[in-house]
Amino acid sequence: MKTTYDAMLKKLEYEERAGKLIPRAQVESDAFAAARTARDHLLMIPKRVAPRIIGLKNISDIEYILSQEITSSLTSLCNILKGNNKGE
């Protein structure tokens, strides 16, 4: 048991030094920031879309506009998460 534990510990130490591991706190912080950015983008969709769909009666037109806006927001989020701030 001890040798297995020692081997696992040495592997973790090696991977940490080699840059293959990221500290848990950093992962949690990055995940929280990504979720907050996603939330902010999604919550802005109604404000951006409402003026464009007000008065429309054709459901297909409304669905198209909503789909465009959702796709645009998701693309923007992907760019932000990849590190290209083109999405902002």
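**Figure 1. The end of helix 1 in the predicted model.** Helix 1 is followed by G19, a residue with a positive phi near 80°. The structure shown here and in the other views is a predicted model. Helix 1 itself covers residues 2–17, which makes 16 residues. From first C-alpha to last, helix 1 reaches 22 Å, close to the 22 Å expected at 1.5 Å a residue. Is helix 1 buried, or does it lie largely in the open? Of its 16 residues, the number buried is one, so helix 1 lies largely in the open.

**Figure 2. The whole chain, for orientation.** The protein has three helices and zero strands. Read along the sequence, these give the pattern α-α-α. The C-alpha trace spans about 70 × 25 × 15 Å along its principal axes. Of the 88 residues, 14% count as buried. The accessible surface comes to about 7400 Å², and carbon and sulfur atoms account for 61% of that surface. Among contacts between residues at least 6 apart in sequence, 38% join residues at least 24 apart.

**Figure 3. Helix 2 and its kink.** Helix 2 runs over residues 24–53 and has 30 residues. At 1.5 Å a residue, helix 2 should span 44 Å, and its end C-alpha atoms are 44 Å apart, which agrees. Where in helix 2 does the kink lie? The kink, of about 25°, is at M44, shortly before the proline P46. H41, I45 and V49 are buried residues of helix 2. The cover over the buried residues of helix 2 includes helix 3. Just after helix 2 comes G55, with a positive phi of about 85°.

**Figure 4. Helix 3 from start to end.** At the start of helix 3, a side-chain oxygen of N58 reaches to within 2.8 Å of the backbone nitrogen of S60. Helix 3 has 24 residues, and its first and last C-alpha atoms are 34 Å apart, close to the 34 Å expected at 1.5 Å a residue. Which residues of helix 3 are buried? They are I65, E69, S73, S76, L77, N79 and I80. Helix 2 is part of what covers these buried residues, and helix 3 in turn is part of what covers the buried residues of helix 2. Just after helix 3, G83 takes a positive phi of about 100°.

Figure 5. E69 is found in helix 3, which covers residues 59–82. Why does E69 count as buried? Its relative accessibility is 8%, and E69 is therefore counted as buried, since buried means under 20% relative accessible area. What does the side chain of E69 make a polar contact with? The partner is the side chain of R48, at 2.5 Å. Leaving aside residues up to four places away in sequence, E69 touches I45, R48, V49 and R52.

Key
Residues are numbered from 1 along each chain as its sequence is written. Side-chain values use heavy atoms; hydrogens and water are left out. Helices (H or I, at least four residues) and strands (E, at least two) are DSSP runs, numbered from the N terminus. Buried means under 20% relative accessible area, exposed over 50%, partly exposed in between (1.4 Å probe, protein chains only). A polar contact is a pair of N or O atoms within 3.5 Å; within protein, one must be able to donate a hydrogen and the other to accept it, and residues adjacent in sequence count only if both atoms are side-chain atoms. Contact means heavy atoms within 4.5 Å. The expected span of a helix is 1.5 Å times one less than its number of residues. Accessible areas come from the Shrake-Rupley method with a 1.4 Å probe; for residues, only the protein chains shown count as cover. The bend at a residue is the angle between axes fitted to the seven residues ending there and the seven starting there.
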